[in-house]
Amino acid sequence: MSPRRLERARATFEAFPRPFWTLVLGTFIDRLGGHMLFPFFALYLTARFGVGMTQVAFLFATWSVVSVVGATAGGALADRFGRKGMVVFGLVASGASSLLLAAANSMMAFFAVAIIVGVVAEAGWPAQEAMVADLLPEDKRADGYGILRVAFNLSVVIAPVLGGLLAARSYTLLFVADAVTSGITAILVYFFIDETKPAEAPGRSPESLRRTFQGYAVPLRDRFFLMVLFGTALLGTAYLQLNSSLGVYLRDVYQVPPQGYGYLLSLNALMVVAMQFWITRRISGSPQFLMLALGAVLVGVGFGLYGFVAAYGWFMLAMAILTVGEMIMVPVGQALVARMAPQDMRGRYMAVFGYSWTVAGIVGPLMAGVLLDGGHPAWLWYACLALGLAAAGTYVYLDGVDRRRQPVPAVVARRMEG
């Protein structure tokens, strides 16, 4: 590395607090185990229990529904009692649940355990998202979420290859690896990150637990915020095909082996690692909703290509296009929600933001199951293209609304009055 790049890397490191970097390291370790397991989940279920994608989709949909309970409780408890405890609880619960899933010896048993897993494993997610917003000022949040995505995807570069090697020996090893990495991350958070929940205002007594849960009425009545969720749900329905149905589609239609699917995921992750921070910096200061619209178009086009092409090189190009859209969209969306949420309600806003992904987690797998098992697999990707364009249109509309909502600068106001 050249001295100039080394100095730039050092400046970036020093621009963020040490607890944030500890969280980045923990994210990498935890996701290393998760990304060994999750991309091979559909392959595991169809091979182990001999079920079709419709049954797999029903499992994913049920998992998404029950996870709302855990995320909702976790968001409220993070705002009431603090972020750190909920993050640690979520990590421990996630690790234990992986071991329980590995022990299931029938599809019915797996389904029953998955319901419990869906409730407890997502409880820490809103707290972690709120922790990032607590640690960073508003002008650094998009960069911070971008750095977390680099760590997230650096694990994806390594994990699918390791996951493929472990799966070749035993799928059980994937579940064990996920449990171990979750445990290591829980230890890091517990010992090296202090509580980040903002202190109560002087003279203000903490709200009761009942009022904390009643506080969900605020984001649920925010029509502008709900429109943001609508756009996210549209795009998420397409985006979730990446780790659920794409591998099965490529295997069944084009005989692409699991290793080939793993290489596509690694390409996605490598691009994020190499380009995410650069892209986030380049679009910094641009209208957030227009950036979301641009990202949605690219994600839709990337997924849509899978319905038109039939060669592995084209599959890689499609992955590259949707990855650029993902790099634009995800950190901007997270920073936008952090900006919209009141300081004392970040956990609950993050939890409600997750509802959009829950809807996507229900609709996306069911849509994929019907189209893949119904003899029209290419239509899945045509639908993803339409969803991406619809999400882009929603974000363009919200950009206009957001501009009208912004306060008029004093200088402009005086000119208008004159």
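At roughly what angle do the axes of helix α5 and helix α9 cross? The axes of α5 (residues 83-103) and α9 (residues 172-192) cross at roughly 165 degrees and come within 8 Å. Here axes are lines fitted to C-alpha atoms, for helices over the stretch in contact, and angles run from 0 to 180 degrees between N-to-C directions. Helices (H or I, at least four residues) are DSSP runs numbered from the N terminus. The angle makes α5 roughly antiparallel to α9, a term used for angles over 145 degrees, while under 35 counts as roughly parallel, 65 to 115 as roughly perpendicular and the rest as oblique.

The model is predicted, so local features need pLDDT of at least 70 and side-chain atom pairs count only at pLDDT 80 or more, whereas totals for chains, interfaces and linings use all residues. Residues are numbered from 1 along each chain as its sequence is written, and side-chain values use heavy atoms, with hydrogens and water left out.

The crossing of α5 and α9 is left-handed, meaning that the near helix is turned anticlockwise from the far one by less than a right angle; clockwise would be right-handed. On the α5 side, the contact (heavy atoms within 4.5 Å) includes V87, L91, S94, G95 and S98. On the α9 side, the contact residues include F175, A179, S182, T185 and V189. By class, the contact of α5 with α9 has 13 nonpolar, six polar and two charged residues. In this scheme Ala, Val, Leu, Ile, Met, Phe, Trp, Tyr, Cys and Pro are nonpolar, Asp, Glu, Lys and Arg are charged, and the others, Gly among them, are polar.

Next, turn to α7. Helix α2 (residues 18-37) and helix α7 (residues 125-135) have axes that come within 10 Å and cross at roughly 150 degrees. The two are therefore roughly antiparallel, and their crossing is left-handed. P19, F20, L23 and T27 of α2 meet Q128, M131, V132 and L135 of α7. This contact has six nonpolar, two polar and no charged residues.

Helix α17 (residues 346-373) also packs with α7, at an angle of about 125 degrees and with the axes 8 Å apart. α7 and α17 are therefore oblique to each other, and the crossing is right-handed. Contact residues include W125, P126 and E129 of α7 and R346, G347 and M350 of α17. Seven nonpolar, two polar and three charged residues make up the contact of α7 with α17.

On a 1 Å grid over the protein atoms alone, a cavity is a set of points where a 1.4 Å probe fits but cannot get out, and lining residues have an atom within 4 Å of a point. Grid points are joined across faces, edges and corners, and a volume is the space filled by probe spheres set on the points. The second largest cavity contains about 60 Å³. Its lining consists of L23, G26, T27, D30, V87, L91, Q128, T185 and V189. At least two lining residues come from each of α2, α5 and α9, and α2 gives the most, with four. By class, the lining has four nonpolar, four polar and one charged residue.

Notes
On a 1 Å grid over the protein atoms alone, a cavity is a set of points where a 1.4 Å probe fits but cannot get out, and a pocket is an open set with protein on both sides within 12 Å along at least five of seven lines; lining residues have an atom within 4 Å of a point.
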